[in-house]
Amino acid sequence: MSDDFEAMGPVDYMIVEFPGNRMTGEGFPLLVDLVDRGIIRILDLLFVRKDSDGSVAAVELTDLGDGVDLTVFEGASSGLLGQDDIDEAGAALEPGNSAGILVYENLWAAPFARAMRRSGAQLVAGGRIPVQALLASLDAVEAAPDRPVAG
């Protein structure tokens with residue numbers, strides 16, 4: 001397993017909420033395309049639902065409805081996600097909504113990550129900037145009075 005770890009790219013996760021349990025499936029072909037092109041590898045894909053009483057439960061792919069074909073994702077489970085992850089995702093959801101929890105390896109970054117590990121470097125922090133926060137920051141910069149340029 002150590003050799004497998006050394007070859008891996010960074011692993012990320014995301015929780016995508018579907019208000020009112022409405023999944024159109026529009027994004028799923030794009031996810032498959034990322035896998036097919038070797039950009040990511042799906043380690044886990046799990047769906048959860050939060051009922052109006054606040055209870056949270058995992059949902060089988062086959063129980064998500066007839067409108068969305070998710071059979072291509074059957075078996076996408078490494079076992080990394082547990083009940084604590086389901087509970088954490090549920091805490092982020094509004095009652096009556098569902099979510100997909102996606103854990104994926106960034107294959108595009110694997111060669112860089114291997115080179116850094118070989119040189120003794122290690123990742124000590126990471127993060128993600130939500131698009132909404134980025135747009136708000138850019139709007140604030142544009143609205144600010146002209147600032148002198150250092151130089």
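This report walks through the fold, the sheet, an aromatic pair and a few individual residues of a predicted model.

## Ground rules

Since the model is predicted, local features need pLDDT of at least 70 and side-chain atom pairs count only at pLDDT 80 or more, while totals for chains, interfaces and linings use all residues. Residues are numbered from 1 along each chain as its sequence is written, and side-chain values use heavy atoms, with hydrogens and water left out.

## The overall picture

The protein has five helices and four strands. Here helices are DSSP runs of H or I with at least four residues, strands are runs of E with at least two, and both are numbered from the N terminus. Reading from that end, the elements go α-β-α-β-β-α-β-α-α.

Of the 151 residues, 26% count as buried; that label means under 20% relative accessible area, with exposed being over 50% and partly exposed in between (1.4 Å probe, protein chains only). The accessible surface comes to about 10500 Å², and carbon and sulfur atoms own 56% of that. Those areas come from the Shrake-Rupley method with a 1.4 Å probe, and for residues only the protein chains shown count as cover. As for contacts (heavy atoms within 4.5 Å), take the ones between residues at least 6 apart in sequence: 81% of them join residues at least 24 apart.

## The sheet

The four strands form an open sheet in the order β1-β4-β2-β3, with antiparallel pairing. The edges belong to β1 (11-18) and β3 (56-59), each of which has a single partner strand, so one side of each lacks a neighbour in the sheet. From one strand to the next, the twist averages 25 degrees. Two strands count as paired if DSSP finds at least two bridges between them.

Four bridges join β2 (residues 40-50) to the antiparallel β3. Along this pairing, V48 sits opposite A58, and K50 sits opposite V56. The hairpin of β2 and β3 has five residues between the strands, and G54 takes a positive phi near 90 degrees there.

## A helix on the sheet, and an aromatic pair

Which strands does helix α2 touch? Helix α2 (residues 28-36) packs on the sheet against β1, β2 and β4 (98-106), and its direction makes about 155 degrees with that of β2. For such angles, axes are lines fitted to C-alpha atoms (for helices, over the stretch in contact), and values run from 0 to 180 degrees between N-to-C directions.

A search of the whole structure turns up one aromatic pair. The ring centres of F28 and F47 are 6.2 Å apart and the planes are at 75 degrees, so this is an edge-to-face pair. The rule is that rings of Phe, Tyr and Trp (its six-membered ring) pair if their centres lie within 6.5 Å; planes under 30 degrees apart are stacked, over 60 edge-to-face, and the rest tilted. F28 belongs to helix α2 and F47 to strand β2, 19 residues apart, and the pair links distant parts of the chain. Both F28 and F47 are buried.

E105 is in strand β4 and is buried, with a relative accessible area of 3%. Its side chain makes a polar contact of 2.6 Å with that of R41. A polar contact is a pair of N or O atoms within 3.5 Å; within protein, one must be able to donate a hydrogen and the other to accept it, and residues adjacent in sequence count only if both atoms are side-chain atoms. Leaving out residues up to four places away in sequence, E105 touches A7, M8, G9, P10, V11, I39, I40, R41 and L43.

V11, in strand β1, is partly exposed at 40% relative accessibility. Not counting residues up to four places away, V11 touches L43, V103, Y104, E105 and N106. V11 and A109 are 98 residues apart along the chain, with 9.8 Å between their C-alpha atoms.

## R128 in its loop

Is R128 buried or exposed? At 55% relative accessibility, R128 counts as exposed, and it sits in the loop between α4 (110-118) and α5 (131-143).

Aside from neighbours within four places in sequence, R128 is in contact with D12 and Y104. The side chains of R128 and D12 make a polar contact of 2.9 Å, and those of R128 and Y104 make one of 3.2 Å. R128 and D12 are 116 residues apart in sequence, and their C-alpha atoms are 9.8 Å apart in space.
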